[in-house]
Amino acid sequence: MTWYEGALLGLIQGATEFLPVSSSGHLVMGQALLGIELPGVTFEVALHFATLLSVLIVYRRRVAGLVAGVARLDPEHTRYAGLLLLASVPAAVAGLGFGGFFESLFDTPAVAGAALLVTGCVIWTARRALAREPGGRPGAGVAVVMGLAQAAAIVPGISRSGATVVAALWRGVSPSEAAAFSFLMSVPAIGGAALLKLPAAEWGEGGALAVAAIVACVTGVLAIRTFRMMLERRAFHLFAPYLWVAGAAFLVFAGRG
């Protein structure tokens, strides 16, 4: 892998991981349309840690406050940390219990195309959810619903960030709190995926891997901020038309294959 190939893959990963367009769906499309293959487990682990760092950078003050609060057993912070763990359970159960099934979906390109259409429909409903002026904070019920949405996003083409945030909006959570909880609950998911693959990683590649990780991290920070801006400006649903066009076009391509 050359440094510019690493930069390109890092750019794609950083953007699609956090914008509500599904990084897994774009991976399937890239493999089918362009013949792109990820360089290996080491590359995946590096990008996982890079995108994890993106979340920690954007929400550094909140994470620091949460860690400090839990350390001193502050009830509010401890409760919030518990909600994040609760929200992580469905995806963990789905990934560990049905990992083989979900992996098989990546071998069927039509699944990603159809799922992108579904994601577009979910994102479009954000208009009505936001029109209700949601202003609440996450509770146990919201954590479970967002956790189930995160588990569904294991399917290629279903956006994790999009599904979890829209689920929270419909449950009455404010846009800023929905985004914060969604990205913070991604920390255990992304970190766990990286740690599971870490033993198989071989850190032989240097420059290209570093470039890919840096680009993914920087792009991830920009993507999170763009995501939050569009959510606050009630323009979140504008991601839907892109998903419909991309999903439909890819289904046509997959059908011809």
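## Second largest pocket

Leu-56, Val-63, Leu-66, Val-67, Ala-81, Leu-84, Leu-85, Leu-184, Val-187 and Pro-188 form the lining of the second largest pocket. Helices α4 (60-71), α5 (75-105) and α10 (175-197) are the elements that each give two or more residues to this lining. Helices here are DSSP runs (H or I, at least four residues), numbered from the N terminus. The pocket holds about 200 Å³ of space. Its lining has 10 nonpolar, no polar and no charged residues. Ala, Val, Leu, Ile, Met, Phe, Trp, Tyr, Cys and Pro count as nonpolar, Asp, Glu, Lys and Arg as charged, and the others, Gly among them, as polar.

A pocket is an open set of points on a 1 Å grid over the protein atoms alone, where a 1.4 Å probe fits, with protein on both sides within 12 Å along at least five of seven lines; lining residues have an atom within 4 Å of a point. Points are joined across faces, edges and corners, and the volume is the space filled by probe spheres set on them.

## Basis of the model

The model is predicted: local features need pLDDT of at least 70, side-chain atom pairs count only at pLDDT 80 or more, and totals for chains, interfaces and linings use all residues. Residues are numbered from 1 along each chain as its sequence is written, and side-chain values use heavy atoms, with hydrogens and water left out.

## Nonpolar cores

The largest nonpolar core has 48 residues. Tyr-59, Leu-169, Phe-181, Phe-183, Phe-227, Leu-231 and Phe-236 have the most contacts inside it. Helix α10 gives the most to this core, with eight residues. Another core lies apart from it, with 12 residues, among them Ala-94, Leu-105, Ala-163 and Ala-167. A nonpolar core is a set of buried Ala, Val, Leu, Ile, Met, Phe, Trp, Tyr and Cys residues joined through side-chain atoms within 4.5 Å. Buried means under 20% relative accessible area, exposed over 50%, partly exposed in between (1.4 Å probe, protein chains only).

Phe-236 touches Pro-20, Ile-123, Ala-126, Gly-162, Val-166, Phe-227, Met-230 and Leu-231, leaving out residues up to four places away in sequence. Contact means heavy atoms within 4.5 Å.

Helix α1 (residues 3-18) has 16 residues. From first C-alpha to last it reaches 23 Å, close to the 22 Å expected at 1.5 Å a residue. That expected span is 1.5 Å times one less than the number of residues. Its buried residues include Leu-9, Gln-13, Glu-17 and Phe-18. Ala-15 is also in α1. Beyond its neighbours within four places, Ala-15 contacts Thr-219 and Ala-223. Ala-15 and Thr-219 are 204 residues apart in sequence, yet 5.8 Å apart in space, C-alpha to C-alpha.

Leu-19 sits in the loop between α1 and α2 (23-34). Leu-19 is buried, at 18% relative accessible area. Outside four places in sequence, Leu-19 contacts Ser-159, Ser-161, Ala-223, Thr-226, Phe-227 and Phe-239. Ser-22 lies in the loop between α1 and α2 and is buried at 2%.

## Positive phi and a buried threonine

Most residues other than glycine have a negative phi. Ser-22 has a positive phi, near 75°. Arg-234 has a positive phi too, near 60°. Arg-234 is in the loop between α11 (207-232) and α12 (239-256), and is partly exposed at 32% relative accessible area.

Thr-119 belongs to helix α6 (residues 109-124). Thr-119 is buried, with a relative accessible area of 4%. Leaving aside neighbours within four places, Thr-119 contacts Pro-20, Gly-157, Ile-158, Ser-159 and Leu-243.
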